[in-house]
Amino acid sequence: MQIGIIGLPNAGKSTIFNALSRGNARVEKFPFTTIEPNIGKVAVPDERLSKLKNFLRVGEGIPVEIEFMDIAGLIEGASKGEGMGNQFLSQIQAVDLILHVVRGFDNPDIPYRKGDLDIKGDIDIIETELILRDLDILQNAVNKLKAREDIPRKKLLAEVIERLQQGTPLREIPLKTEEQQILTGYGLITLKPVVYLINMGEDKKVEDFPCTSELIERNLPVLFLCGKIEEELSQLSDSEREEFKEIMGIQKSGLQKLIKVCYDMLSLITFYTIARNKLHAWSLKKGASVVQAAEKIHSDMAKGFIKAEVINFEHLVGFNSYSEAKEKGRVRIAGKEYLVNDGDILYIHFRT
Ligand SMILES: Nc1nc2c(ncn2[C@@H]2O[C@H](COP(=O)(O)OP(=O)(O)OP(=O)(O)O)[C@@H](O)[C@H]2O)c(=O)[nH]1
Ligand SMILES: [Mg+2]
């Protein structure tokens with residue numbers, strides 16, 4: 001699973017990437033600082049993991065990690081190749097979720113789109129380029145289809161092309177499952193889920209951005225944080241960070257909330273396994289079966305799957321130990337068809 005950080009040049013994408021991954025991506029006041037994408041792994045915050053680790057008295061708890069990719073800034077005309085737009089757009093085609101960073105800080109040093117902040121205008125520039133790219137892809141697809149008889153596909157493509165031309169991103173068009181299946185595989189960007197992140201200046205409050213209510217009305221997730229403060233926080237040691245948060249009255253860092261929202265937008269749940277004194281958290285698509293869960297760990301486990309012992313975190317912590325839960329019959333035996341729930345602890349039996 002990969003999350004792509006996109007936005008206009010100078011929006012603070014690399015600053016946020018560094019805060020997320022404790023990375024060292026270059027951050028400068030001039031645009032197009034990032035050309036080659038920066039890639040970093042980020043642990044998904046998980047309160048259950050440490051509770052479970054203590055409960056089970058295992059030595060180590062390994063969290064789920066997701067990958068973030070900090071992509072170069074897009075500019076007007078990117079879909080026509082401006083500013084290496086084609087290259088950057090194909091990088092966006094490869095990600096599973098888009099994190100769209102919008103500049104919400106004043107900075108007289110920044111040369112790009114100088115002047116008053118314009119959240120809606122900035123978002124529109126990027127969204128237009130993404131829509132134009134999808135239109136290109138679909139129009140090419142339609143041209144290739146001409147000779148072939150595939151009426152439902154032709155009809156669907158014509159419909160979505162019309163909606164795109166009206167400025168509607170594909171994710172906002174209600175689609176049936178079959179229609180979604182037809183569209184997957186084209187590498188359409190506006191079909192991907194999106195999270196908007198307003199990178200607020202240190203002196204700004206959420207109320208300073210009333211224009212974002214339109215996004216919320218469209219059911220799109222909008223988050224606010226200050227990239228610069230988050231980056232500074234990420235460079236502190238754990239104890240220094242806790243101290244700072246206490247002084248500032250911050251309970252949860254904006255970044256942790258951001259990672260969690262992205263995780264949910266990717267429709268991921270977490271399950272756990274225990275092996276060799278290690279508790280391991282794994283991500284899984286909502287609605288996946290226990291065999292698909294086994295596949296995440298090792299393909300041999302899925303191939304030779306026999307059964308799994310399952311207990312959910314919520315039930316387990318009501319007992320004094322795993323063996324007590326087992327004695328009391330709360331650890332159930334699940335077959336191939338079992339659909340994994342968020343928070344399940346699995347012990348998989350398999351043939352080698
Ligand atoms: N005041 C303020 N400045 C910020 C903030 N976030 C980023 N900046 C500044 O904005 C400039 C651009 O930041 P980057 O993180 O390099 O932006 P970018 O979006 O990665 O830029 P490109 O890679 O060039 O597209 C730098 O001078 C940052 O220090 C913020 O929250 N507040
Ligand atoms: Mg950058």
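Q: What should I know about the model and its numbering?
A: The model is predicted: local features need pLDDT of at least 70, side-chain atom pairs count only at pLDDT 80 or more, and totals for chains, interfaces and linings use all residues. Residues are numbered from 1 along each chain as its sequence is written, while chains are lettered from A and ligands numbered from 1 in the order in which they are written.

Q: How is the chain divided?
A: There is domain 1 (2-34 + 71-264) and domain 2 (268-350), with bounds from an automatic or database domain assignment.

Q: And which residues have the most contacts inside the largest nonpolar core?
A: They are I5, I92, L99, V102, L197, C262 and L346, in a core of 77 residues. Such a core is a set of buried Ala, Val, Leu, Ile, Met, Phe, Trp, Tyr and Cys residues joined through C-beta atoms within 7 Å. A residue is buried if 20 or more other C-beta atoms, placed from the backbone, lie within 10 Å of its own.

Q: Where does this core lie?
A: Both domain 1 and domain 2 give residues to this core, so it lies between them.

Q: Now strand β5; why is it largely enclosed?
A: Eight of the eight residues of β5 (residues 97-104) are buried, so the rest of the structure largely encloses this strand. Strands here are DSSP E runs of at least two residues, numbered from the N terminus.

Q: Which residue of β6 is opposite V102?
A: V102 stands opposite I198. Seven bridges join β5 to β6 (residues 194-200), and the two run parallel.

Q: What about ligand 1: how many residues surround it?
A: The number is 26, and the closest are G12, S14, T15, T34 and G73; a residue counts as near if its C-beta atom, placed from the backbone, lies within 6 Å.

Technical notes. A residue is buried if 20 or more other C-beta atoms lie within 10 Å of its own, exposed if 12 or fewer, and partly exposed in between; C-beta atoms are placed from the backbone. Helices (H or I, at least four residues) and strands (E, at least two) are DSSP runs, numbered from the N terminus. Two strands pair if DSSP finds at least two bridges between them.
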